[in-house]
Amino acid sequence: MEQNGMKFCQSCGMPMGEEALYGTNADGSKNGDYCRYCFEKGAFTFDGGMEEMVEFCVPKMAGANPGMSAEQARQAMREWFPTLKRWKK
């Protein structure tokens, strides 16, 4: 997913501006959909559900956005994550 020219991980929503942040496919090539923290060697590194991913990411998102509370981060991710490739139904 791209927003304003920025690419985001389709699992955790992290901005993936640099190719160094891209995950890897089983053959070692870069994967443009998922970040290196979520996808490595062709497999997801996190096997929990979407709500568990939200809770894992709350402190990271709130910490990266001054003035954002944990609850605001949680709500934003609960709205956005279902639109990401990994979590779409």
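Me: When does a charge count as sitting over a ring, and which residue lies over the face of F56 in this predicted model?

Reply: A charge sits over a ring if NZ of Lys or CZ of Arg is within 6 Å of the ring centre and within 35 degrees of the ring normal. In this predicted model, K60 lies over the face of F56, at 4.1 Å from the ring centre, and R86 lies over the face of F44, at 3.8 Å from the ring centre.

Me: How should I read a pair of aromatic rings, and how many aromatic pairs are there here?

Reply: Such a pair is described by the distance of the centres and the angle of the planes. The count for this model comes to five aromatic pairs. One of them joins Y34 and F44, whose ring centres are 4.9 Å apart and whose planes stand at 80°, so this pair is edge-to-face, given that angles over 60 degrees fall in that class.

Me: Which parts of the chain does the pair of Y34 and F44 tie together?

Reply: Y34 belongs to strand 4 (residues 30-35) and F44 to strand 6 (residues 43-44), so the contact ties together parts that are 10 residues apart in sequence. A further edge-to-face pair is formed by F39 and F44, with 5.1 Å from centre to centre and 70° between the planes, and ring pairs thus link Y34, F39 and F44 into a cluster.

Terms used
Residues are numbered from 1 along each chain as its sequence is written. This is a predicted model: local features need pLDDT of at least 70, side-chain atom pairs count only at pLDDT 80 or more; totals for chains, interfaces and linings use all residues. Side-chain values use heavy atoms; hydrogens and water are left out. Rings of Phe, Tyr and Trp (its six-membered ring) pair if their centres lie within 6.5 Å; planes under 30 degrees apart count as stacked, over 60 as edge-to-face and the rest as tilted. Helices (H or I, at least four residues) and strands (E, at least two) are DSSP runs, numbered from the N terminus.
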